[in-house]
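This briefing sets out the fold, the surface and selected local features of one protein chain. Please consult it alongside the sequence and the model.

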Amino acid sequence: MLFKLKVAYYLIALKFNKNKYMDNISALQIKRWNKMQSVLKKSKFYEILVSQKTPLEAYPIVNKAIFMNKFDEINTCGIKLDIAYKTALKAEKTRDFTPMINKISLGLSTGTSGNRGIFLASENERAKWVAAILDRVIGFSLKKRSIAFFLRANSNLYSSVKSTILRFEYFDLLESLASHIKRLNALQPNILVAQPSMLLLLAEEKEARRLNINPDKIIGVAEILYQEDRSYLEGIFQQKIHQVYQCTEGFLASTCEEGNLHFNEDFLIIEKKYLNDEKSRFHPIITDLSRTSQPVVRYELNDIIKEKKNCKCGNKWTAIESIEGRSDDIIKLKNIAGKEIHLFPDYFRRAIVESSEDIRSYTLICISDYEFELFIEGSQEHYEQAKNSILEFLKSVDIHHIIIKQIKSIKVDKGNKLRRIRNERSKAN
Ligand SMILES: [Zn+2]
């Protein structure tokens, strides 16, 4: 019961502060940053900066590698990385999703082995997270509702949403599609939460009339929701597809009534590291003012965010036009004059989807300085149109030497994230 009371308390606080500081969010951020000093004092990594009264902008920028290398010093609970890893991995192998050390929940992020992040959450942090998810994603209601939630691996964080009015059903991505369909038809979920690639499979099943569900709300998580996929899904499910931008480092953004993602600036400070001269794309550097067990201060994410100005909903918090992939997916190629050109994944996406209205599924993988692999679902004619469109685009930036090879499958492993435009050149490039 105590946990639910905490959630209720944080939910009220969240709504109250959002209204009070809506147009003056920096006042709330400053207040919370000052309050956070007592948390940072407990972190070996940050205590000296606190004692020197260091302003936020002078804190070191950290990335995933530093965050993990300095795990022992950064966290405020005295948890050691090797023990945390062992505990979390063991839980994942046995698919027992309740690993804890000293009442602190452990979560493991996706990634290649050895490159996986680990995150900690205390009970208070879990309650805050649940409150934020209820407020911004699921929507608070006293009506009984069931939620179908697709996940690669469960964690305490997600199971803590469970309550008498929310029936929370977990779907393991590694299970077969046929079993998902059967369970979904029986469950008739009010809310469906899944990766866009899974939503696409479900939409095909709905189109084929094997899946018969009509959720009130559909939310895409964990992968990029491409515009063309979104239009297709909205057509099949006859409703807006919402999104949550959430990663190991926290709950970052959710969609407004216009369907655009806004950063949760009431508990996040977002700094923008611009990636182009026009300042339209940036890497977010996040400071999470709600974290206590594992402080997240000036953490640079490698996602490429395209900013949206003036969302019609009226919320002034930074809005996102699209999340375009990660910085490693920016393809750097030399043009005819020997100048290195930075090609954002979105440029290729446009070249492909604008080549034909009928293209539904595709991937483009850069495998070397002169070779791309292209998969297009559909006829050979569609493939040729897409290929020519990419070559035309490359020519427009004076790149003439690229060879595009056709591949016959989408090349995504089950349980892995779908990234349609990828850079898979060896790291030496
Ligand atoms: Zn908006």
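Two strands are said to pair if DSSP finds at least two bridges between them. Helices (H or I, at least four residues) and strands (E, at least two) are DSSP runs, numbered from the N terminus. The model is predicted, so local features need pLDDT of at least 70 and side-chain atom pairs count only at pLDDT 80 or more, whereas totals for chains, interfaces and linings use all residues. Residues are numbered from 1 along each chain as its sequence is written, and side-chain values use heavy atoms, with hydrogens and water left out.

**Overall fold**

- The protein chain contains 13 helices and 21 strands.
- Its radius of gyration, taken over C-alpha atoms, is 22 Å. This value agrees with the one near 22 Å for a compact globule of 429 residues, where the globule rule is 2.2 Å times the number of residues to the power 0.38.
- The C-alpha trace spans about 60 × 55 × 45 Å along its principal axes.
- Of the contacts (heavy atoms within 4.5 Å) with a separation of 6 or more, 59% are between residues 24 or more positions apart.

**Burial, surface and charge**

- The chain exposes about 20,700 Å², of which carbon and sulfur atoms supply 51%; accessible areas come from the Shrake-Rupley method with a 1.4 Å probe, and for residues only the protein chains shown count as cover.
- There are 68 positive and 53 negative side chains, with Lys and Arg counted as positive, Asp and Glu as negative, and His and the chain ends not counted.
- The centres of the two charge sets lie 7 Å apart, each charge being placed at NZ of Lys, CZ of Arg, CG of Asp or CD of Glu.

**Sheet β1-β2-β3**

- Three strands form an open sheet in the order β1-β2-β3, with antiparallel pairing.
- β1 (100-101) and β3 (118-121) are the edge strands, each pairing on one side only.
- Two bridges join β1 to β2 (residues 104-108) in the antiparallel sense, and Ile-101 stands opposite Ile-104 in β2.

**Non-glycine residues with positive phi**

- Lys-53, which is not a glycine, has a positive phi of about 50°. Lys-53 lies in the loop between α3 (47-51) and α4 (64-69) and counts as exposed at 73% relative accessibility.
- Arg-298, also not a glycine, has a positive phi of about 50°. Arg-298 lies in strand β13 (residues 296-300) and is buried, with a relative accessible area of 8%.

Methods:
Buried < 20%, exposed > 50% of the residue type's maximum accessible area, 1.4 Å probe, protein only.
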